[in-house]
Amino acid sequence: MADAGVEKVDLITIGCMSPGLFVGQEHLASLLADELGVTTAQLAIAWLLRRKEVSSVITGATKLSQLKDNLASREIVSKLDDDLLERIETILDNNPLNSD
């Protein structure tokens, strides 16, 4: 994809969206979500929406309540300033822009 001018970015999402997280990471992500008054899934979606490297976010829902929660993530994006983004990257031990 580099030939098309698109850089590959590996992303790891938070909480229930990523079964590969370590228990400690999920706990810290949950604490951050609680601090913001949101779910970890909403935090994960908002984090993805906030990243300029992400062109689209695809979610799924089997219940109307899940769809509403997912859509509410848009309102959280503005809360994610650079400091919060750094905290998320630290929790995940993930910085896609510096990956090899």
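Residues are numbered from 1 along each chain as its sequence is written, and side-chain values use heavy atoms, with hydrogens and water left out. Because the model is predicted, local features need pLDDT of at least 70 and side-chain atom pairs count only at pLDDT 80 or more, while totals for chains, interfaces and linings use all residues.

Biologist: How many helices and strands does the protein chain have?

Modeller: Helices here are DSSP runs of H or I with at least four residues, strands are runs of E with at least two, and numbering starts at the N terminus. The elements run α-α-α-α from that end. The count is four helices and zero strands.

Biologist: What percentage of the residues of the protein chain count as buried?

Modeller: Buried means under 20% relative accessible area, exposed over 50%, and partly exposed in between, with a 1.4 Å probe and protein chains only. The chain has 100 residues. The buried share is 35%.

Biologist: Are α2 and α3 parallel or oblique to each other?

Modeller: Axes are lines fitted to C-alpha atoms, for helices over the stretch in contact, and angles run from 0 to 180 degrees between N-to-C directions. The axes of α2 and α3 (residues 64–76) come within 8 Å and cross at roughly 55°. Angles under 35 degrees count as roughly parallel, over 145 as roughly antiparallel, 65 to 115 as roughly perpendicular and the rest as oblique. The pair is therefore oblique.

Biologist: Which residues in α3 meet α2?

Modeller: Contact means heavy atoms within 4.5 Å. On the α2 side the residues are Q42, I45, A46 and L49. On the α3 side they are D69, N70, A72, S73, R74 and I76.

Biologist: Is N70 buried or exposed?

Modeller: N70 lies in helix α3. Leaving aside neighbours within four places in sequence, N70 is in contact with I45, T59, G60 and A61. The C-alpha atoms of N70 and A41 are separated by 7.6 Å, although the two are 29 residues apart along the chain. With a relative accessible area of 15%, N70 is buried.

Biologist: Is the crossing of α2 with α4 left-handed or right-handed?

Modeller: The axes of α2 and α4 come within 12 Å and cross at roughly 115°. A crossing is left-handed if the near helix is turned anticlockwise from the far one by less than a right angle, and right-handed if clockwise. The crossing of α2 with α4 is left-handed.

Biologist: Which residues in α4 meet α2?

Modeller: The residues contributed by α2 are L43, W47 and R50. Those contributed by α4 are D82, L85, I88, E89 and L92.

Biologist: Why does I91 count as buried?

Modeller: I91 is placed in helix α4 (residues 82–92). Not counting residues up to four places away in sequence, I91 touches Q25, L28, A29 and L32. I91 counts as buried because its relative accessibility is 16%.

Biologist: What is the relative accessible area of R51?

Modeller: R51 lies in the loop between α2 and α3. R51 is buried, at a relative accessible area of 9%.
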